[in-house]
Amino acid sequence: KRAPSRHLAQGSMRFLCALLSMLALRVSAWSPHLARFGISPATQVAATYSPSMGPAKDGPFTPAVLLAKVVLGEPQLLKLRGKAISIHSQEIKKFCADYGVDSKMQQALIKKAKAVGSDLGFLS
């Protein structure tokens, strides 16, 4: 049985994911207005260097991420993104432990999650 605080954190993360999903749908309609702030889905946003991944790609969640950057500020966005990535990696590790997946496959799943996150625009 999971601890109540962990359950609350998971509920908060689910809420955040749902909120970001809804924002992504709405923000795409705002793209012309975001140009006033110098933001467009094609804007290259500074990303952390990753030799195997290359620059972040534009995806369906890019407008929401760029809006969050404006609303929250880049430092807060990076902190929130780091926390979400950390929680997601922990969940992948728990899944692998529950089903006896070896560490090599676990690392491959985490790497795949990073690639899919980039494709979806979460790393913009």
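Modeller: A residue counts as buried when its relative accessible area is under 20%, as exposed when it is over 50%, and as partly exposed in between. On that scale, 25% of the 124 residues of the protein are buried. The model is a predicted one. The protein is built from four helices and has zero strands, so its elements, read from the N terminus, run α-α-α-α. Of the contacts in the protein with a separation of 6 or more, 71% are made by residues 24 or more positions apart.

Let us turn to the rings themselves. A pair of aromatic rings is described by the distance of the centres and the angle of the planes. F61 belongs to the loop between α1 (4-34) and α2 (62-72), while F122 belongs to the segment after α4 (103-120), so their pairing ties together parts that are 61 residues apart in sequence. F61 has a relative accessible area of 16% and is therefore buried. F122, at 31% relative accessibility, counts as partly exposed.

The other pair is made by F95 and Y99. Their ring centres lie 4.8 Å apart with the planes at 40 degrees, so the pair is tilted. An angle over 60 degrees would have made a pair edge-to-face, and one under 30 degrees would have made it stacked. F95 and Y99 are four residues apart in helix α3 (residues 74-99), which separates them by about one helical turn. An α-helix has 3.6 residues a turn, so residues three or four places apart point the same way. F95 counts as partly exposed because its relative accessibility is 44%, whereas Y99, at 61%, counts as exposed.

In α2, the buried residues include T62, P63, A64, V65, L66, L67 and A68. After α2 comes G73, with a positive phi near 90 degrees. There are two salt bridges in total. One of them joins K69 and E74, whose closest N and O atoms are 3.8 Å apart.

K94 is partly exposed at 29% relative accessibility, and E91 is partly exposed at 25%.

Helix α3 also packs against a neighbour. The axes of α3 and α4 come within 10 Å of each other and cross at roughly 145 degrees, and the crossing of α3 past α4 is right-handed. On the α3 side the residues H88, S89, I92, K93 and C96 take part, meeting Q106, L109, I110 and A113 of α4. Together the residues of this contact divide into five nonpolar, three polar and one charged. Helix α4 also holds Q107, a residue that is partly exposed with a relative accessible area of 46%. The C-alpha atoms of Q107 and C96 are separated by 9.9 Å, although these residues are eleven apart along the chain.

To draw the picture together, the two ring pairs can be set side by side. The tilted rings of F95 and Y99 are separated by about one helical turn in helix α3.

Key:
Residues are numbered from 1 along each chain as its sequence is written. This is a predicted model: local features need pLDDT of at least 70, side-chain atom pairs count only at pLDDT 80 or more; totals for chains, interfaces and linings use all residues. Side-chain values use heavy atoms; hydrogens and water are left out. Helices (H or I, at least four residues) and strands (E, at least two) are DSSP runs, numbered from the N terminus. Buried means under 20% relative accessible area, exposed over 50%, partly exposed in between (1.4 Å probe, protein chains only). Rings of Phe, Tyr and Trp (its six-membered ring) pair if their centres lie within 6.5 Å; planes under 30 degrees apart count as stacked, over 60 as edge-to-face and the rest as tilted. Axes are lines fitted to C-alpha atoms, for helices over the stretch in contact, and angles run from 0 to 180 degrees between N-to-C directions. A crossing is left-handed if the near helix is turned anticlockwise from the far one by less than a right angle, and right-handed if clockwise. Contact means heavy atoms within 4.5 Å. Ala, Val, Leu, Ile, Met, Phe, Trp, Tyr, Cys and Pro count as nonpolar, Asp, Glu, Lys and Arg as charged, and the others, Gly among them, as polar. A salt bridge is a side-chain nitrogen of Lys or Arg within 4 Å of a carboxyl oxygen of Asp or Glu.
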